[in-house]
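This report describes the helical architecture of one protein model and the surroundings of selected residues. The sequence and structure are shown first, and the description follows.

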Amino acid sequence: AVVSTQSTGRADYLPGVNLFEPKSSRTKVFGEKFVCDCAVCLLPDSADSESNEATRKKIKDHYRNTSIYMALGDFLQAFEHCKAMLAELDRLEDEVFQKRVSVALECWQLAVLAKLQRPEVEIEVETFREGARQLCCVLGKSMLSKWERTDENVNKRTYAEFDTVKLRSSGPWAEQIIENLTQNEV
């Protein structure tokens with residue numbers, strides 16, 4: 001997507017959850033002169049366009065619910081919504097690739113926290129770890145360093161340092177739960 005009509009790009013030009021707003025809202029962000037030529041915005045008003053908008057709404061709902069459950073300290077529910085969000089992002093494929101990488105990393109972090117909180121639940125943490133690593137490798141050194149930092153935090157059991165904890169926690173609630181779980185783990 002582009003702000004000027006001179007260049008081209010992908011639909012992941014908007015920060016955070018704004019990427020998942022309806023087409024009309026996405027194009028309003030940059031004003032009336034904004035022209036987007038990404039595959040999503042160029043879709044005619046058709047079943048494909050409606051399906052894409054419905055997928056974006058589901059992603060936005062899962063994004064919101066991940067934050068809500070994270071704030072409540074229910075890491076398993078936060079993980080389930082993040083995992084569902086990643087599945088929806090996979091349907092949008094390359095148009096939101098950068099967001100897929102971030103969410104894959106967050107899924108791995110939440111899988112670790114959910115397994116720590118609910119050890120009886122079968123969670124394939126290693127699958128999410130490897131999936132996040134593969135996607136981070138595609139984007140290069142910057143994202144790979146985020147993956148390495150997460151891996152280091154897992155190995156050191158410094159879970160409160162996870163990006164998902166820092167970004168989605170409102171107040172010390174989640175950090176206190178993590179501290180209690182870590183003490184019980186030892």
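## Conventions and overall fold

The expected span of a helix is 1.5 Å times one less than its number of residues. Helices (H or I, at least four residues) and strands (E, at least two) are DSSP runs, numbered from the N terminus. The model is a predicted one, in which local features need pLDDT of at least 70 and side-chain atom pairs count only at pLDDT 80 or more, while totals for chains, interfaces and linings use all residues. Residues are numbered from 1 along each chain as its sequence is written, and side-chain values use heavy atoms, with hydrogens and water left out.

The protein chain holds eight helices and zero strands, in the sequence pattern α-α-α-α-α-α-α-α. Of its 186 residues, 41% are buried; buried means under 20% relative accessible area, exposed over 50%, and partly exposed in between (1.4 Å probe, protein chains only). Contact means heavy atoms within 4.5 Å. Among contacts in the protein chain with a separation of 6 or more, 64% join residues 24 or more positions apart.

## Helix α3

Helix α3 covers residues 75-92, and its 18 residues should span 26 Å at 1.5 Å a residue; the end C-alpha atoms are 26 Å apart, which agrees. The buried residues of α3 are F75, L76, A78, F79, H81, C82, M85, L86, E88, L89 and L92. An α-helix has 3.6 residues a turn, so residues three or four places apart point the same way. Just after α3, E93 takes a positive phi of about 55°.

Q77 also lies in α3, but at 31% relative accessibility Q77 counts as partly exposed. Q77 and A114 are 37 residues apart in sequence, with a C-alpha to C-alpha separation of 8.2 Å in space.

H62 belongs to helix α2, residues 47-72. With a relative accessible area of 19%, H62 is buried. Leaving aside neighbours within four places in sequence, H62 is in contact with H81, A84 and M85.

Which side chain makes a polar contact with the side chain of H62? The partner is the side chain of H81, at 3.1 Å. A polar contact is a pair of N or O atoms within 3.5 Å; within protein, one must be able to donate a hydrogen and the other to accept it, and residues adjacent in sequence count only if both atoms are side-chain atoms.

## Helix α4 and its packing

Helix α4 has 21 residues and reaches 30 Å from its first C-alpha to its last, close to the 30 Å expected at 1.5 Å a residue. This helix is mostly covered, with 17 of its 21 residues buried. Q109 lies in α4 and is buried, with a relative accessible area of 2%. Not counting residues up to four places away in sequence, Q109 touches T150, F162, D163 and T164.

Two packed helices are described by the angle between their axes and the distance between the axes. Here axes are lines fitted to C-alpha atoms, for helices over the stretch in contact, and angles run from 0 to 180 degrees between N-to-C directions. The axes of α3 and α4 come within 8 Å and cross at roughly 155°. Angles under 35 degrees count as roughly parallel, over 145 as roughly antiparallel, 65 to 115 as roughly perpendicular and the rest as oblique; α3 and α4 are therefore roughly antiparallel to each other. The crossing of α3 past α4 is left-handed, a term that applies if the near helix is turned anticlockwise from the far one by less than a right angle, with right-handed used if clockwise. Residues of α3 including F79, C82 and L86 meet a set in α4 that includes V103, C107 and L110.

For α4 (residues 97-117) and α5 (residues 125-139), the axes come within 9 Å and cross at roughly 155°. These helices, α4 and α5, are therefore roughly antiparallel to each other, and their crossing is left-handed. The α4 residues involved include V101, L105 and W108, and those in α5 include F128, A132 and L135.

R157 lies in the loop between α6 (141-156) and α7 (163-168), and at 36% relative accessibility R157 counts as partly exposed.

Q176 lies in helix α8, residues 173-185, and counts as partly exposed at 38% relative accessibility. Q176 and G73 are 103 residues apart in sequence and 9.0 Å apart in space, C-alpha to C-alpha.
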